[in-house]
Amino acid sequence: MIAPTLNIYGLFVPALLGLALAAWACLSIARIGLMRIGFYKITVHPALTDLALYVLILTGLSALFIQ
């Protein structure tokens, strides 16, 4: 099976790149909400928490859009 690609004006871009950008945008929104409720005060390492959330969001998006 050939990996899905997006054709943007003749430039073939992997679909995972689009999903990665969408996951980054979702993480940015989630990070603002988590800062407001004080979630990062109870975590040991906020950067690892952000990485874990990014991986979870990217996995969820890829499960939804890539078959």
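Predicted model: local features only at pLDDT ≥ 70, side-chain atom pairs only at ≥ 80, totals over all residues.
Which residues in H2 are buried?

**First stop: the hairpin**

Select strand E1 (5–8) and strand E2 (11–14), together with the loop between them. The two strands run antiparallel and are joined by four bridges. Within this pairing, leucine 6 stands opposite valine 13 in E2. The hairpin has two residues between its strands. Next, select tyrosine 9, which lies in that loop. Tyrosine 9 is not a glycine, yet its phi is positive, at about 50°. Tyrosine 9 is also exposed, with a relative accessible area of 87%.

**Second stop: helix H2**

Now select residues 46–65, which make up helix H2. This helix has 20 residues and reaches 28 Å from its first C-alpha to its last, close to the 28 Å expected at 1.5 Å a residue. To answer the opening question, colour Thr49, Asp50, Leu58 and Leu61, which are buried in H2. These residues cover an arc of only 165° around the axis, so they are on the same side of H2. An α-helix has 3.6 residues a turn, and therefore residues three or four places apart point the same way. Then colour Leu48, Leu56 and Ala63: these exposed residues are carried on the face of H2 turned away from its buried side.

Remain on H2 and select leucine 64. Leucine 64 is exposed, with a relative accessible area of 66%.

Terms used:
Residues numbered from 1 in each chain as written. Heavy atoms only, no water. Buried < 20%, exposed > 50% of the residue type's maximum accessible area, 1.4 Å probe, protein only. Pairing = 2+ DSSP bridges. Expected span 1.5 Å × (residues − 1). Arc of directions from axis to C-beta.
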